[in-house]
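Q: Can you walk me through the charged pairs in this one? Keep it short, please.

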Amino acid sequence: MSQIKVLLIEDDPDWIKAMTAFLNKEEDLLIVGAATRAAEAIELAKTVAFDVLLLDIQLSENNLEGIYLAAEIHDIHPAKIIMLTSLIDPHVMTQAFTAGAMQYVEKENFRELPYTIRNAYHHPSAMEALLTEFSRLKREEQLQSLTTAEREVFELIEEGYTQSQIKKKLYKAESTLKNQVNTMLKKLGVKSSKEAVEKVRRKGLVNKKNQ
């Protein structure tokens with residue numbers, strides 16, 4: 001069985017050790033090198049043969065150092081790049097994709113790494129991956145953009161209230177409620193209240209406790 005050779009760049013030596021042990025358990029994956037600093041990573045990229053780069057986006061507590069490094073390594077060795085992150089920032093991630101990254105994984109979801117590595121390795125187009133991920137981030141941004149009034153309406157829809165019942169419960173004019181529902185559906189990119197509930201439940205991005 002051929003193995004996917006992986007280079008790991010992460011400023012936490014303990015995380016490198018744990019991920020090396022975790023990923024090397026997979027028969028088709030092999031960590032061929034690791035580095036904790038940008039300069040060391042560049043030297044490895046010049047001397048070690050690898051297929052996929054796992055790169056911490058926030059090396060040395062710098063939000064952008066991993067992005068700069070991704071672009072530099074991509075010029076040296078056009079491998080598939082997966083960014084590792086602790087916090088999702090859509091704007092930073094867009095910059096990462098522009099620098100050559102194909103996908104990203106939140107560190108707390110490290111168990112997704114084997115699948116993500118294989119998917120990146122076999123992915124036919126970096127541009128296709130970029131567009132797919134950009135669309136996903138945009139959808140999440142839309143879900144989080146619901147106003148307090150729209151979320152209040154959504155909660156009642158989720159509980160099974162009809163628009164007529166919501167109008168009476170919230171003392172809203174029919175035209176006001178209709179506008180709020182239509183705006184909510186447009187933000188979520190769906191055509192019906194049922195689709196809205198299914199989408200938000202699936203994404204888990206509307207949390208009543210945080211409103």
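Predicted model: local features only at pLDDT ≥ 70, side-chain atom pairs only at ≥ 80, totals over all residues.

**Salt bridges**

A: E26 and R118 form a salt bridge, with their closest N and O atoms 2.7 Å apart. The pair ties together parts 92 residues apart in sequence, because E26 sits in the loop between α1 (13–23) and β2 (29–35) and R118 in helix α5 (residues 113–122). A salt bridge here is a side-chain nitrogen of Lys or Arg within 4 Å of a carboxyl oxygen of Asp or Glu. Helices (H or I, at least four residues) and strands (E, at least two) are DSSP runs, numbered from the N terminus.

Q: How many salt bridges does the structure hold?

A: Five. One of them joins E43 and K46 (3.9 Å, N to O).

Q: Where's D56, and is it buried or exposed?

A: D56 is in strand β3 (residues 52–56). It counts as buried, at 3% relative accessibility. Buried means under 20% relative accessible area, exposed over 50%, partly exposed in between (1.4 Å probe, protein chains only).

Q: Which side chain does D56 meet in a salt bridge?

A: That of K107, at 3.2 Å, N to O. K107 is buried too. E10 joins D56 and K107 in a network of salt bridges.

Definitions and conventions: Residues numbered from 1 in each chain as written. Heavy atoms only, no water.
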